[in-house]
Amino acid sequence: MAWIYLFIGALFEIGWAVGLKMSEGFTRPVITGLTLLSIFISFFLFTKALKMIDIGTGYAIFTGIGAAGTAVIGMAFLGDIKSAGKVFFIAVLIFGIIGLKMSDTPKVENLTEEGL
């Protein structure tokens with residue numbers, strides 16, 4: 001369940017990062033409100049995930065998904081410059097995230113707390 005919390009939290013991180021751009025300096029109240037809500041949900045889910053995932057692995061994956069997702073959204077929808085180099089390094093980042101996930105082992109002492 002921790003990995004699901006981490007992934008969903010990272011998706012909300014993408015949401016608030018994009019929201020910061022779209023809020024135009026917090027001058028658009030609805031977008032600003034959605035951005036602040038996304039920040040809260042993102043960090044709430046991230047803290048829940050960290051009960052079972054090591055901080056280094058969790059933070060790297062959380063921010064990696066957020067950074068990669070935000071970069072892709074920026075290039076696809078917000079007019080950010082597209083380049084082969086950006087796409088290549090986003091792919092490297094995603095492979096690194098997958099590698100971190102695959103190399104993680106659950107904390108044995110917390111398995112009973114989560115009902116696993």
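Six aromatic pairs are counted in this structure, where rings of Phe, Tyr and Trp (its six-membered ring) pair if their centres lie within 6.5 Å. Planes under 30 degrees apart count as stacked, over 60 as edge-to-face and the rest as tilted. Take F43 and F62: their ring centres are 6.1 Å apart and their planes stand at 55°, so this pair is tilted. F43 belongs to helix 2 (residues 29–49) and F62 to helix 3 (residues 55–77), so the pair ties together parts that are 19 residues apart in sequence. Helices here are DSSP runs (H or I, at least four residues), numbered from the N terminus.

The model is predicted; local features need pLDDT of at least 70, side-chain atom pairs count only at pLDDT 80 or more, and totals for chains, interfaces and linings use all residues. Residues are numbered from 1 along each chain as its sequence is written, and side-chain values use heavy atoms, with hydrogens and water left out.

F62 is buried, at 1% relative accessibility. Buried means under 20% relative accessible area, exposed over 50%, and partly exposed in between (1.4 Å probe, protein chains only).

A second pair joins F46 and Y59. Their ring centres lie 6.2 Å apart with planes at 45°, so this pair is tilted. It links distant parts of the chain, with F46 in helix 2 and Y59 in helix 3, 13 residues apart. F46 is buried at 6% relative accessible area. Y59 is partly exposed at 48%. Which residues do the ring pairs link into a cluster? They are W16, F43, F46, Y59 and F62.

Now follow the helices. Helix 1 (2–22) and helix 2 pack at an angle of about 155°, and their axes are 7 Å apart. The axes are lines fitted to C-alpha atoms, for helices over the stretch in contact, and the angles run from 0 to 180 degrees between N-to-C directions. Helix 1 and helix 2 are therefore roughly antiparallel. Angles under 35 degrees count as roughly parallel, over 145 as roughly antiparallel, 65 to 115 as roughly perpendicular and the rest as oblique. Helix 1 passes helix 2 in a left-handed crossing. A crossing is left-handed if the near helix is turned anticlockwise from the far one by less than a right angle, and right-handed if clockwise.

Contact means heavy atoms within 4.5 Å. On helix 1, the residues in contact include Y5, F12 and W16; on helix 2, they include I39, F43 and F46. By class, this contact has 15 nonpolar, six polar and two charged residues. Ala, Val, Leu, Ile, Met, Phe, Trp, Tyr, Cys and Pro count as nonpolar, Asp, Glu, Lys and Arg as charged, and the others, Gly among them, as polar.

The loop between helix 1 and helix 2 deserves a stop. S23 lies in this loop. S23 is buried, at 1% relative accessibility. What does S23 touch, not counting residues up to four places away in sequence? It touches R28, I31 and T32.

Most residues other than glycine have a negative phi. E24 is not a glycine, yet its phi is positive, about 50°. E24 is in the loop between helix 1 and helix 2 and is exposed, with a relative accessible area of 51%. F26 also has a positive phi, near 60°. F26 lies in the loop between helix 1 and helix 2 and is partly exposed at 48%.

Move on to helix 2 and helix 3. They pack at about 150° with their axes 11 Å apart. That makes helix 2 roughly antiparallel to helix 3. Their crossing is right-handed. S42, F43 and F46 of helix 2 meet G58, Y59 and F62 of helix 3. This contact has four nonpolar, two polar and no charged residues.

The walk ends at helix 3 and helix 4 (residues 84–103), whose axes come within 10 Å and cross at roughly 155°. Helix 3 is thus roughly antiparallel to helix 4. Helix 3 passes helix 4 in a left-handed crossing. Among the residues in contact are A60, G64 and A68 of helix 3, and I90, I94 and I97 of helix 4. By class, the contact of helix 3 with helix 4 has 14 nonpolar, two polar and two charged residues.

Notes
Helices (H or I, at least four residues) and strands (E, at least two) are DSSP runs, numbered from the N terminus.
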